[in-house]
Amino acid sequence: MDLDSSSILMAGVVDLALSADNAIVIGLAVSGLEATKRAKAIFWGISFAVALRISLAAGATQLMDVPGIRLVGSLLLAWVCVRLAHDLFDRRSGISEPGQ
């Protein structure tokens, strides 16, 4: 697997974005705790977030070696886009689904 500088830079930017998101969520979660519990909750929250990110990245890396997985992922993403466009069109035209 070849890693060039642009791939590493892109991974770093994505990692920074995810870190900022995790920091906001952890901050909101611990805001009501007392100081001693807050420090422990921040430590364990960050530890869990890092461990989860590493394990999911490793799993995704292994999953990319499965033949056809990118094709399946592309088809699923296209399906989601079509459904989203369909829903947006229905909302703009005033059509609602039965029972809603």
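**View 1. Ile-42 in helix 2 of the predicted model.** Ile-42 lies within helix 2, which covers residues 35–63; the model shown is a predicted one. The relative accessibility of Ile-42 is 32%, so this residue counts as partly exposed, given that the partly exposed class lies between the limits of 20% for buried and 50% for exposed.

**View 2. A nonpolar surface patch that includes Ile-42.** The patch is formed by Ile-42, Ile-46, Val-50 and Ile-54. Taken together, these four residues present about 330 Å² of accessible area at the surface.

**View 3. Leu-88 in helix 3.** Helix 3 comprises residues 69–93 and contains Leu-88. Because its relative accessibility is 38%, Leu-88 is classed as partly exposed. Between Leu-88 and Ser-74 there are 21 Å in space, C-alpha to C-alpha, for a separation of 14 residues in sequence.

**View 4. Helical arrangement and extent of the protein chain.** The protein chain contains 3 helices and 0 strands, and its pattern along the sequence reads α-α-α. Its radius of gyration is 20 Å, well over the 13 Å that the globule rule gives for 100 residues, so the chain is more spread out than a compact globule. The C-alpha trace spans about 55 × 45 × 25 Å along its principal axes.

**View 5. Surface and charge of the protein chain.** Of the 100 residues in the chain, 4% count as buried. The accessible surface of the protein chain amounts to about 8700 Å², and carbon and sulfur atoms account for 71% of that area. The side chains include 8 positive and 9 negative ones, and a distance of 10 Å separates the centres of the two sets.

Definitions and conventions. Residues numbered from 1 in each chain as written. Predicted model: local features only at pLDDT ≥ 70, side-chain atom pairs only at ≥ 80, totals over all residues. Heavy atoms only, no water. Patch = residues over 30% accessible without salt bridge, like charges linked within 9 Å, V, L, I, M, F, W, Y side chains within 5 Å. Areas by Shrake-Rupley, 256 points an atom, 1.4 Å probe, with all protein chains shown as cover. Salt bridge = Lys/Arg side-chain N within 4 Å of Asp/Glu carboxyl O. Helix = DSSP H or I, 4+ residues; strand = E, 2+ residues; numbered from the N terminus. Buried < 20%, exposed > 50% of the residue type's maximum accessible area, 1.4 Å probe, protein only. Rg over C-alpha atoms; globule rule 2.2 N^0.38 Å. Lys, Arg positive; Asp, Glu negative; His and termini not counted. Charge placed at Lys NZ, Arg CZ, Asp CG, Glu CD.
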